[in-house]
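Dear colleague,

Here is the structure for your files. My notes follow it.

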Amino acid sequence: MAIVTLGAVAAHFGRDVDRGVSKVVGIVEAAARDGIDLLVLPDACLGGYIGDFRTPDPDDPPPALDPDGPEIAAVIAAAGSMTVCVGYAEAAPGGGRYNAAICVSGDGVHGTYRKVHQPVGESLTYRAGDGFSAFDTRVGRVGMLIDYDKTFPEAARALALDGAQIIAVLSAWPASITDRASRLPADRQSRLFDLYDCARAAENQVVLVSSNQTGVMGNLRFLGQAKVVSPGGEILATTRSKGGLAKAEMDVKAEISRARRVFNHLDELRPDTYRARSVQG
């Protein structure tokens, strides 16, 4: 048995890159003392997120960082034997930025990802990525998604078909903009955030580790709700709407094998039937 400890962070990160790096490094160091093997930090924890979906301030975009720059290098230096997923705005060749995630350890970079699915207005700030792939780490084969991506079953399915045993979902997921509840746990987006996490884990029979921002940026109020979800769709640990660390121990391969012992969703797919049919007049 190979027991690993998985951790998902809920915390607030703003525009100040130096402060963000310092905070991330501090969280990584504390997680190491806590015995964490895989740590998933929120989307945009290095440099912050946009403050408005519909009309983001063009004069205040998240700073675009170089994945080979000193900010990511500081996370690599702090990670040691731990595998760490961190979100940031990646400088795009020719200008602009991607909403991106990078997975590292003290050995260097294991994998990168650029957010594919963009909610309304995000394309005014970020370019879109164009694919999904998993990669090998010390804790198993991992794939990454960024917040809105988990709304689309095809995104997580693509990672599972590429062998991902763990899907890390890094989020800056806010409460509802149009119909905000007085309490975060009662917010419509709060329910959907948890629903997508559990559904993506259960339908692919993989482990899902979900982080999120907390606090406020612009007119966005983030939900928290970092969690670890089993291959059966059960929430094993959660921060709820508060900041903190959701932590769970498991044998990832054994849990996936147990979930797939009778019903193996990936083996039982029927891709030949999944196509749109024309409407007959």
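A pocket, as used here, is an open set of grid points with protein on both sides within 12 Å along at least five of seven lines. Please keep in mind that this is a predicted model.

The largest share comes from β5, with 3 residues. By class, the lining of the second largest pocket divides into 5 nonpolar, 4 polar and 3 charged residues.

The largest pocket holds about 400 Å³ of space. It is lined by 20 residues, and those closest to its centre are F53, P119, Y148, I177 and Q189. Here the classes are 12 nonpolar, 4 polar and 4 charged.

Cavity

The search of the whole structure returned 1 cavity of 30 Å³ or more. The space in the largest cavity is about 40 Å³. The residues that line the cavity are D43, A44, L46, G47, G48, P62, P63, Y88, A89, N99 and Y126. Sorted by class, they are 7 nonpolar, 3 polar and 1 charged.

Aromatic rings

A pair of aromatic rings is described by the distance of the centres and the angle of the planes. There are 7 aromatic pairs in the whole structure. One of them joins Y49 and F53, which are edge-to-face, with 6.1 Å from centre to centre and 75° between the planes. Y49 counts as buried because its relative accessibility is 1%, under the 20% cut-off. F53 has a relative accessible area of 10%, so F53 is buried too.

Y49 also pairs with Y126: the ring centres are 6.2 Å apart and the planes are at 15°, so this pair is stacked. Y49 lies in the loop between β2 (38–40) and α2 (70–79), and Y126 in the loop between β5 (108–114) and β6 (135–137), so the pair ties together parts that are 77 residues apart in sequence. Both Y49 and Y126 are buried. With F53 and F222, these two tyrosines form one aromatic cluster.

Two lysines sit over ring faces. K23 lies over the face of F13, at 5.0 Å from the ring centre. K150 lies over the face of F193, at 3.2 Å from the ring centre.

S171

Is S171 buried or exposed? S171 is buried, because its relative accessible area is 0% and the cut-off for buried is under 20%. It is located in the loop between β8 (166–170) and α4 (188–204). Apart from neighbours within four places in sequence, S171 is in contact with P42, D43, D147, K150, F193, S211, N212 and Q213.

Regards

Methods: Residues are numbered from 1 along each chain as its sequence is written. This is a predicted model: local features need pLDDT of at least 70, side-chain atom pairs count only at pLDDT 80 or more; totals for chains, interfaces and linings use all residues. Side-chain values use heavy atoms; hydrogens and water are left out. On a 1 Å grid over the protein atoms alone, a cavity is a set of points where a 1.4 Å probe fits but cannot get out, and a pocket is an open set with protein on both sides within 12 Å along at least five of seven lines; lining residues have an atom within 4 Å of a point. Grid points are joined across faces, edges and corners, and a volume is the space filled by probe spheres set on the points. Ala, Val, Leu, Ile, Met, Phe, Trp, Tyr, Cys and Pro count as nonpolar, Asp, Glu, Lys and Arg as charged, and the others, Gly among them, as polar. Helices (H or I, at least four residues) and strands (E, at least two) are DSSP runs, numbered from the N terminus. Buried means under 20% relative accessible area, exposed over 50%, partly exposed in between (1.4 Å probe, protein chains only). Contact means heavy atoms within 4.5 Å. Rings of Phe, Tyr and Trp (its six-membered ring) pair if their centres lie within 6.5 Å; planes under 30 degrees apart count as stacked, over 60 as edge-to-face and the rest as tilted. A charge sits over a ring if NZ of Lys or CZ of Arg is within 6 Å of the ring centre and within 35 degrees of the ring normal.
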